[in-house]
Every structure is written in structure tokens, then in C-alpha cells.
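This report describes the fold and side-chain contacts of a single protein model. Please keep the sequence and the structure at hand while reading.

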Amino acid sequence: MFDRYEAGERAVLVHIDFPDETNREDLLELELLVSSAGANALEVITASRKAPHPKYFVGSGKAAEIAAVVSAVEADVVIFNHALSPGQERNLEALFHCRVLDRTTLILDIFAQRARTHEGKLQVELAQLKHLSTRLIRGWTHLERQKGGIGLRGPGETQLETDRRLLRERIKSIQGRLTKVSKQRQQSRRARMRKEVPTLSLVGYTNAGKSTLFNQITNSEVYAADQLFATLDPTLRRVKIKDVGPCVLADTVGFIRHLPHDLVAAFKSTLQETQEADILLHVVDCADDNMGDNIAAVNIVLDELGADQQQLLICNKIDLHPDTQPRIDYDDKGQPIRVWISAQKNQGLELIELALSKLLGKLVSELTLVLPPEKGNYLSWLFELEVVEHHSYDELGQCVVAIRINDIDWQRLLKQSDGELEHFIQAM
């Protein structure tokens with residue numbers, strides 16, 4: 001039903017340079033996308049135009065040149081580094097005698113290969129169905145109206161109309177199932193908000209090193225690879241930050257220039273972790289020549305999502321710049337704005353915690369409590385909050401516990417104990 005790859009498929013790539021920034025794409029990025037999809041790029045054809053040709057996108061002369069190359073190398077598919085209209089796809093396929101895919105379909109295919117969770121697969125299918133709905137006329141042009149036997153003939157419903165109806169029903173079904181999953185996510189978020197657990201969300205251009213950084217911080221084994229869209233399904237882990245306490249760190253899908261709108265819409269529930277995060281850790285590849293453009297592309301998608309929270313820029317891959325050392329850059333008010341690290345080489349990761357402590361840290365008190373044996377429940381509360389620095393027992397069996405706790409958590413504990421905990425503070 002969908003344009004899907006099989007590993008090793010032979011492809012011819014087409015890249016057009018436009019003077020208009022809104023139509024401009026990166027050729028190297030196309031090659032990385034094609035590699036991530038599992039296809040073999042046999043030829044790369046480039047050209048320059050002021051605007052797309054309405055029939056072939058590339059102009060009739062260039063289209064004939066591509067057709068000759070396709071025939072010579074016996075390509076299975078031609079991949080354009082641009083968005084094509086359904087009409088342009090049909091015209092090009094008729095000319096090339098092979099499949100033609102545009103940038104949007106290519107990205108959708110990679111997403112379909114990467115999806116692992118039930119929710120991720122549903123979101124990808126929804127995006128594919130919405131994209132396919134504009135291209136349904138392909139493959140059904142040979143059919144007229146459906147016909148029944150004697151007494152059943154009539155105007156009926158065309159095959160195309162049947163297909164569109166079935167497509168609408170499937171889209172509606174998927175949207176209903178995703179709504180249920182979204183409600184479950186909202187319940188988890190509300191539980192975290194009740195406990196006042198800060199949420200940190202890793203965002204950034206695809207292949208910036210988010211998953212590698214996530215694994216280093218959380219000691220996890222999330223799939224990380226040097227390819228575009230290695231991460232698709234969101235992952236949440238609990239981390240502890242000094243002077244802040246427990247936090248939730250979310251690893252999300254990477255962004256890309258001109259990310260298909262159907263994908264942004266389909267992944268809205270997943271990306272809600274980004275919308276509701278306290279701080280966005282914006283990971284950038286500082287070794288990439290297009291770093292500035294990549295930052296701008298991510299911010300465009302964040303604006304589309306309505307995610308306008310404070311950002312901490314994480315400049316990753318400094319190991320590719322031998323002269324760059326791990327450091328924190330501060331603004332005029334002394335607040336951290338950039339952290340320079342290498343997640344792969346484990347350089348400067350402690351600076352991220354230092355910067356977050358500065359941004360999220362609350363008023364912290366260091367106290368020593370002397371708890372009698374019958375007040376073991378208070379000790380359990382303290383261990384649950386992970387605020388115990390060390391503890392020991394005196395000759396009376398009392399627990400002498402040293403804690404480092406922020407003011408909000410301390411006030412909550414006082415309220416839980418009806419103020420009794422205050423009586424156990426050891427005088428200095």
C-alpha cells in the first residue's frame with residue numbers, strides 16, 4: 001500500500017538548487033536520508049532552477065536526462081530532495097518507467113522502519129495514510145465504476161471513492177486509538193506535576209547526538225547510531241540533579257528541515273513531553289558547518305508545537321574540534337546559556353548538571369535530624385526523596401541523619417508530619 005524500501009534498492013538521486021531559501025535543501029542530508037532508508041545511491045543528478053517546473057519539477061530537458069541515466073544504471077527508484085505534487089510524481093513515473101519518491105515519502109519510510117512501540121507505529125501509519133490520501137488516483141486509473149449483477153447495476157461508487165472512504169475510516173480508527181494513548185500520557189504527566197518533578201526534554205536536529213547523551217546521563221542503552229532518525233519512539237528516564245532532586249529526562253525524535261506537517265501532527269502527543277518540559281536541552285552538532293541553520297530549523301518546529309520554554313544549548317561533539325574545551329557560557333545575568341561537551345568521549349557531562357542546578361536549583365538547606373526509633377517512617381520519607389547525605393545510630397538507638405534538601409520539599413515534609421519534624425532538628 002505504501003512506497004516502502006527493500007534493503008539494497010538501486011536509487012538515482014535528484015537535487016535542485018533554488019535561489020529561494022524556502023525551497024532550498026541540503027544534498028549531503030539527502031544522501032544521509034537515503035543511506036538511513038537502506039537504499040544504494042548509484043547516481044546524483046543536480047541542476048539549478050529559479051522555480052519548480054509545473055509538470056516535471058525539473059524541466060523537460062533535465063527530466064529526459066534523468067530518464068536516460070535511470071535506463072543506463074537500471075535504477076529501481078528516483079528520489080527527489082524536494083516535495084513533489086501528486087501530478088508531478090505521476091508524470092515523472094510515466095517518463096522514467098520506475099517509482100519516483102519525494103523527500104516527504106522518504107522521511108515517512110524511515111520513520112516506518114524505525115517505529116518500535118505500538119504508539120509509534122500508529123503515528124507513522126497515520127502520517128502515511130494522510131500523505132497517501134492525496135496520491136490515491138495512482139494505480140486505480142484503469143478502473144471504472146464497480147458493477148454488480150442483474151438488478152444491481154447503477155451509478156455505484158468508483159474504486160477511487162471506495163478507497164478514499166476506507167482510508168478515512170482507517171484514519172478515524174487510528175486517531176481514536178492515539179487519543180487513548182494520549183490520555184494515558186497525560187495521566188503520567190499530571191502525576192509528575194503533582195509531585196513537582198521537573199521534566200527535561202532533549203531536542204535537536206537529527207543525528208546531533210541526543211541519544212548518546214541520554215545514555216551517558218541515565219546509564220541507559222537506548223539505540224544510538226550515526227544515522228538520521230536513529231531515535232523515533234520517546235524514552236523517559238529518572239535522573240537526580242544536585243540541589244534539584246529527581247527529574248525526568250525525555251529523549252525525543254530528531255527534527256529536520258521541512259519536517260512533513262503530517263508527521264508533526266501525528267507525533268503531537270509524543271512531542272507533548274517537549275511542550276510541557278521545564279527546560280529544553282537543545283543538542284547541536286558543533287562540528288556541523290550548518291549548525292546555525294539546524295538550530296533555526298529546530299526552533300521553527302518548536303514554534304509550531306508551541307514549545308517556548310527556556311533552552312539550554314548543548315554544543316556536542318567538541319572532540320571533533322581539538323581546540324575546544326568543555327565549558328559553560330553564561331549570559332549577562334550569570335545564567336548558563338551554553339554547555340560545550342562531547343557525549344561520545346564523556347567530556348564535560350558534569351557541566352550539564354552544574355548548569356541545570358543553577359537554572360532549576362531551589363533554596364537548599366543542610367540539616368541534621370535526630371530521629372527516635374519509633375519515627376522510622378520519617379527516615380523512609382527522607383530516603384524516598386533521596387536527600388540523605390549520610391546516617392548513623394547513637395547509643396540510644398536514635399538515627400542521626402544528615403540531609404541536604406530544597407525548601408519546597410522540606411515544607412512539604414513539615415506539612416506531612418504536622419510540623420513534628422522540626423522538633424528533631426539537631427542544634428548546631
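## Salt bridges

R327 and D329 form a salt bridge in which the closest N and O atoms are 3.1 Å apart. The structure is a predicted model, and the values below should be read with that in mind. R327 is partly exposed, at 35% relative accessible area, whereas D329, at 15%, is buried, because the limit for a buried residue is under 20%. Salt bridges with shared partners join R327, D329 and R338 into one network. The count of salt bridges comes to ten.

A further salt bridge joins the side chains of R404 and E366, with a distance of 2.4 Å from N to O. R404 belongs to strand β14 (residues 399-406) and E366 to strand β12 (residues 364-371), so this pair ties together parts that are 38 residues apart in sequence. R404 is partly exposed, with a relative accessible area of 23%; E366, with 60%, is exposed. K375 and E420 also form a salt bridge, their closest N and O atoms being 3.1 Å apart. Since K375 lies in the loop between β12 and α12 (376-384) and E420 in the segment after α13, the pair ties together parts that are 45 residues apart in sequence. E420 is partly exposed, its relative accessible area being 25%.

## Sheet and packed helices

Seven strands make up an open sheet with mixed pairing, in the order β6-β7-β5-β8-β9-β11-β10. Its edge strands, β6 (235-241) and β10 (327-330), each pair on one side only. On average, neighbouring strands of the sheet are turned by 25° against each other, direction ignored. The pairing of β6 with strand β7 (residues 245-251) is antiparallel and extends over seven bridges; in it, V239 stands opposite C247 of β7.

Which strands does helix α7 lie across? Helix α7 (residues 210-218) lies across β5 (199-204), β6, β7, β8 (279-285) and β9 (310-316), and runs at about 155° to β7. Helix α10 packs on the sheet as well, where it touches β5, β8 and β9, and its direction makes about 150° with that of β8.

In soluble globular proteins, nonpolar side chains tend to be buried together. Here the largest nonpolar core has 30 residues, and those with the most contacts inside it are V34, I79, L106, F255 and L302. At least two residues of this core come from each of β1 (9-17), α1 (27-37), β3 (77-80), α4 (103-114) and α10 (291-305).

Leaving aside residues up to four places away in sequence, V34 touches L13, A39, I79 and L106. Another core lies apart from the largest one; it has 26 residues, including A208, I241, L249 and A355.

## A position in helix α13

Q416 lies in helix α13 (residues 407-416). Its relative accessibility is 45%, and Q416 therefore counts as partly exposed. The C-alpha atoms of Q416 and Y378 are separated by 9.6 Å, the two residues being 38 residues apart along the chain.

## Confidence of the model

The protein has a mean pLDDT of 79, and 80% of its residues reach 70 or more. Over residues 1-7, pLDDT stays under 50, and the model has 27 contacts beyond four places in sequence for this stretch. Over residues 138-149, pLDDT likewise stays under 50, with 20 contacts beyond four places in sequence.

Notes. Residues are numbered from 1 along each chain as its sequence is written. Side-chain values use heavy atoms; hydrogens and water are left out. Helices (H or I, at least four residues) and strands (E, at least two) are DSSP runs, numbered from the N terminus. Buried means under 20% relative accessible area, exposed over 50%, partly exposed in between (1.4 Å probe, protein chains only). A nonpolar core is a set of buried Ala, Val, Leu, Ile, Met, Phe, Trp, Tyr and Cys residues joined through side-chain atoms within 4.5 Å. Contact means heavy atoms within 4.5 Å. A salt bridge is a side-chain nitrogen of Lys or Arg within 4 Å of a carboxyl oxygen of Asp or Glu. pLDDT is the predictor's confidence in each residue, from 0 to 100. Two strands pair if DSSP finds at least two bridges between them. Axes are lines fitted to C-alpha atoms, for helices over the stretch in contact, and angles run from 0 to 180 degrees between N-to-C directions.
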